[in-house]
Amino acid sequence: MIKEGISASKGYAIGKVVIKTDEEVQIVEKKIEDIGAEKARLKEAVEASREQLMKIKEKAEKEVGADKAAVFESHMMLLDDPEFTGAIEMNIDSNSVNAEKALQDVIDMYMGIFAAMEDEYMRERAADVKDVGKRILNNLAGVKGVDFDSLDENTILVAHDLTPSDTAQLDRNKVIAFLTNIGGRTSHSAIMARTLEIPAVVGLKDITESVKDGDLVIVDGVEGIVEVNPNEETIKKYEEKKEAYAKEKEELKKLINIKTVTKAGKHVEIVGNIGKAEDIHQVLENGGDGVGLFRTEFLYMDREDMPSEEEQFESYKYVAEKTNGGPVVIRTLDIGGDKQLPYLPLPEEMNPFLGYRAIRLCLDRKDIFKVQLRALLRASAYGNIKIMFPMISSVDEFIQAKAVLKECMDELKAEGKDFNENLEVGMMVEIPAAAVAADEFAKYADFFSIGTNDLIQYTLAADRMNEKVSYLYNPLHPAILALIKNTIEAAHRAGKWCGMCGEVAGDERVIPTLVEYGLDEFSMSATSILKAKQIIMNTEVK
Ligand code: PEP
Ligand code: MG
């Protein structure tokens with residue numbers, strides 16, 4: 001059987017399916033007659049949760065260290081707390097309700113208490129309670145999630161969808177490709193797949209129903225095709241393709257240490273997009289000159305609380321130092337949309353991509369914003385860091401964000417801490433309003449970086465995550481090209497530089513046009529850098 005989807009990350013893989021089911025368990029209130037049996041059911045689910053947590057904790061201690069594993073300890077402590085389990089049992093007893101409903105009531109009560117507490121540490125415990133509650137609920141309903149840590153080698157992960165934090169947890173020594181029902185090329189899990197250098201096909205509509213655990217599948221991430229239980233001949237054909245692909249990649253490595261110049265001698269900067277500090281190695285290994293987009297929201301994911309100023313400082317400093325003076329453009333927190341934090345519950349919105357996110361959230365939550373800005377400023381003493389604000393739609397927002405930055409500068413000065421007072425402060429151009437009025441913004445920003453992932457979805461009103469409208473999501477649409485051209489020219493008119501960090505920067509079809517428009521900097525997944533370099537070096541642009 002052959003299934004067609006959207007190519008999200010190139011390459012070929014042949015491996016065995018593991019399906020990740022993550023149905024949200026629906027809680028239906030039921031009246032219970034056999035109270036004893038219901039309490040026994042609860043006890044069993046609590047026991048199963050304890051065993052799972054024990055295993056996860058042991059593995060985490062070995063692989064990521066005791067401090068990171070401590071969170072599982074606190075989850076286990078909650079299971080051991082007679083007040084917690086006792087409250088659920090009491091609810092079953094006195095209201096004759098099913099264990100699911102009794103559990104949910106107690107979780108809601110705890111969440112309410114924690115959320116109202118002054119102490120930040122205690123407020124953050126709300127996330128623990130929620131997690132533990134979900135685990136018990138899944139065990140009550142018999143839903144098994146995938147334990148990412150215990151997957152076999154050569155696993156092809158199949159899921160309805162993967163959140164960015166699921167993807168961030170994947171171990172590429174084990175997961176060699178992934179397939180999803182929904183999603184588009186620029187959803188964040190697809191972007192992560194490119195960073196991890198694992199092939200991925202998304203938007204396959206019903207792949208979770210078309211395969212079962214253990215099926216052998218071929219993933220063709222170049223064409224966006226999946227072959228389920230292929231015959232010998234097909235396997236052989238794909239093994240050859242895989243080899244040829246690896247060989248081409250090897251060939252491109254010759255370009256690693258060569259400066260990117262067009263045939264007419266124009267220098268163009270090629271840099272990488274990263275999501276965590278260690279990704280810098282992959283960028284440098286692939287011949288990148290530095291970083292054009294550090295998506296810092298990934299530092300905030302996969303954890304129980306906000307990263308502190310010190311933790312963030314260490315990450316930013318690490319990248320700045322490793323890049324040896326090369327540019328490091330760090331984007332401030334872009335949370336919201338498809339990127340959520342478990343410990344920062346945001347209100348449900350009709351249109352999350354048009355809602356309370358990114359710079360809007362940061363200007364509203366200066367407490368969160370300032371921690372990051374202080375860390376960034378302090379790290380700027382160690383390398384060529386530039387700060388970039390996401391989702392800017394009005395000049396006023398940019399001015400406000402800079403004012404908060406200035407506040408942080410004044411604080412650091414008063415504290416006698418070092419930072420680069422002249423660091424460049426730029427903005428993403430990813431909202432059509434900013435691209436159209438780029439001349440206005442260029443008066444204030446030191447540089448632009450065009451975020452085509454969002455720019456295309458907003459301009460063409462085509463959700464970047466929705467495979468049903470992916471045929472409309474077209475980087476070559478004349479409106480998109482006009483906005484890109486205007487943005488680059490506006491930057492140049494004001495004597496500023498313009499880069500691009502959306503996925504179009506690495507799109508082989510568009511790169512020659514972008515060079516012609518005068519784009520100064522191309523930022524992309526590390527794995528796209530060498531191919532882009534080859535294309536740019538074949539253009540004639542002066
Ligand atoms: C973009 O929108 O093009 C971009 C680079 O930002 P993100 O993909 O993180 O939204
Ligand atoms: Mg964006």
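Predicted model: local features only at pLDDT ≥ 70, side-chain atom pairs only at ≥ 80, totals over all residues.
Student: What about Thr452: which kind of polar atom is 3.1 Å from a ligand oxygen, backbone or side-chain?
Tutor: Backbone, for Thr452.

Student: Then how do α14 and α15 cross?
Tutor: Helix α14 covers residues 366-379 and helix α15 covers 395-414; their axes come within 9 Å and cross at roughly 60 degrees. The two helices are therefore oblique to each other, and the crossing is right-handed.

Student: Which residues make that contact?
Tutor: From α14 you have Lys366, Phe369, Lys370, Leu373, Arg374, Leu377 and Arg378. The α15 side brings Ala401, Val404, Leu405, Glu407, Cys408, Met409, Glu411 and Leu412. Sorted by class, that contact has nine nonpolar and six charged residues, with no polar ones.

Student: Where does α12 come in, and how does it cross α14?
Tutor: Helix α12 spans residues 309-322, and its axis comes within 8 Å of the α14 axis, crossing at roughly 35 degrees. This crossing is right-handed. On the α12 side, the contact residues include Phe313, Tyr316 and Ala320, while those on α14 include Val371, Ala375 and Leu376. The contact divides into seven nonpolar, two polar and five charged residues.

Student: Which α14 residues turn up there that you've already named?
Tutor: Arg374 and Arg378 of α14 take part in the contact with α12, and both are also in the contact with α15.

Student: Nice. Last one: what is the crossing angle for α3 and α4?
Tutor: Roughly 130 degrees, with the axes of α3 (residues 82-95) and α4 (residues 99-115) coming within 8 Å. That makes α3 and α4 oblique to each other, and their crossing is right-handed.

Student: And what is the contact made of?
Tutor: Among the α3 residues are Phe84, Ala87, Ile88 and Ile92, and among those of α4 are Leu103, Val106, Ile107 and Tyr110. By class, the contact of α3 with α4 has 10 nonpolar, one polar and three charged residues.

Technical notes
Residues numbered from 1 in each chain as written. Chains lettered and ligands numbered in written order. Heavy atoms only, no water. Axes fitted to C-alpha atoms, helices over the stretch in contact; angles between N-to-C directions. Helix = DSSP H or I, 4+ residues; strand = E, 2+ residues; numbered from the N terminus. Parallel < 35°, antiparallel > 145°, perpendicular 65-115°, else oblique. Left-handed = near helix turned anticlockwise from the far one by under 90°. Contact = heavy atoms within 4.5 Å. Nonpolar A, V, L, I, M, F, W, Y, C, P; charged D, E, K, R; others polar. Polar contact = N/O pair within 3.5 Å; in protein donor to acceptor, adjacent residues only side chain to side chain.
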